Amino acid sequence: MPDTGFALPFLDDDDPVFRAEFESLAQRVTMEAGQFIFMEADQCTGLPVVVDGTARVYKMSESGRELTLYRIEGGDSCILTASCLASGRRFPAFAVAETDLEAWFVPASVYRNWLDKYPRWRQYVFDLIASRIGSVIELVEEIAFRGMDARLAGYLVEEADRGTEKVVARTHEGIATDLGTSREVVSRLLKEFEKLGMVELTRGAVRITELNKLAAIGRNRPG
């Protein structure tokens with residue numbers, strides 16, 4: 001059995017045959033932060049399953065502006081890659097290692113064979129697609145129906161909820177990339193939030209001082 005670093009969800013059972021195949025056919029890979037996993041229009045050669053670290057999947061406009069679609073962390077994989085492997089189409093976005101990354105790489109032919117052969121693997125892929133599609137739909141709804149002030153406030157609340165200090169350790173440029181807008185827009189809105197006493201701006205980070213007020217703005221949706 002390979003040392004995965006944690007219990008991969010599709011191996012968390014008593015199927016020694018699948019475990020043996022995974023050990024012999026999946027490839028352990030490491031990538032440095034900033035290294036591309038797939039570029040737009042690349043042919044997908046296999047499915048990466050992240051063990052440690054974070055990958056980011058994003059679209060880029062002709063002007064160079066980026067919009068983060070989702071991130072991939074331990075135990076997760078990429079629904080766009082899964083879709084491309086099923087359809088034979090090329091990768092429609094960019095996938096990059098946001099931090100140093102360790103992953104298992106399942107070759108395309110093996111990926112497709114396991115979908116037919118192992119219900120546990122098939123359920124993992126289907127659950128992954130279902131959960132990611134939901135998050136992408138939420139992203140589309142946010143872009144279409146929410147103002148940037150509400151999107152930024154909701155983003156800060158969500159990111160801060162992951163820690164106890166209520167600090168979002170992201171630059172204005174990084175936040176803009178995640179939200180698919182410009183750094184100038186983010187900086188202007190953050191300064192407005194600071195004037196209202198809801199945040200404190202420091203170099204490379206935003207500290208939330210009035211979480212409830214910020215959350216109220218984040219819940220605001222145009223009628």
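1. A quick word on terms before we start: contact means heavy atoms within 4.5 Å, while helices (H or I, at least four residues) and strands (E, at least two) are DSSP runs numbered from the N terminus. This is a predicted model, in which local features need pLDDT of at least 70, side-chain atom pairs count only at pLDDT 80 or more, and totals for chains, interfaces and linings use all residues. Residues are numbered from 1 along each chain as its sequence is written, and side-chain values use heavy atoms, with hydrogens and water left out.

2. Have a look at the helix pair H5 and H6. Met148, Arg151, Leu152, Tyr155 and Leu156 in H5 meet Ile175, Asp178 and Leu179 in H6. By class, this contact has 6 nonpolar, no polar and 2 charged residues; Ala, Val, Leu, Ile, Met, Phe, Trp, Tyr, Cys and Pro count as nonpolar, Asp, Glu, Lys and Arg as charged, and the others, Gly among them, as polar.

3. Next, the core. A nonpolar core is a set of buried Ala, Val, Leu, Ile, Met, Phe, Trp, Tyr and Cys residues joined through side-chain atoms within 4.5 Å, where buried means under 20% relative accessible area (1.4 Å probe, protein chains only). The largest has 40 residues, and Phe10, Phe22, Val57, Phe91, Tyr111, Trp114 and Trp121 touch the most other members. A second, separate core of 20 residues includes Leu152, Ala160, Leu179 and Ala215.

4. Finally, Ala41 sits in the loop between strands E2 (36-38) and E3 (46-52). Its phi is near 80 degrees, a positive value in a residue other than glycine.

Notes. Buried < 20%, exposed > 50% of the residue type's maximum accessible area, 1.4 Å probe, protein only.
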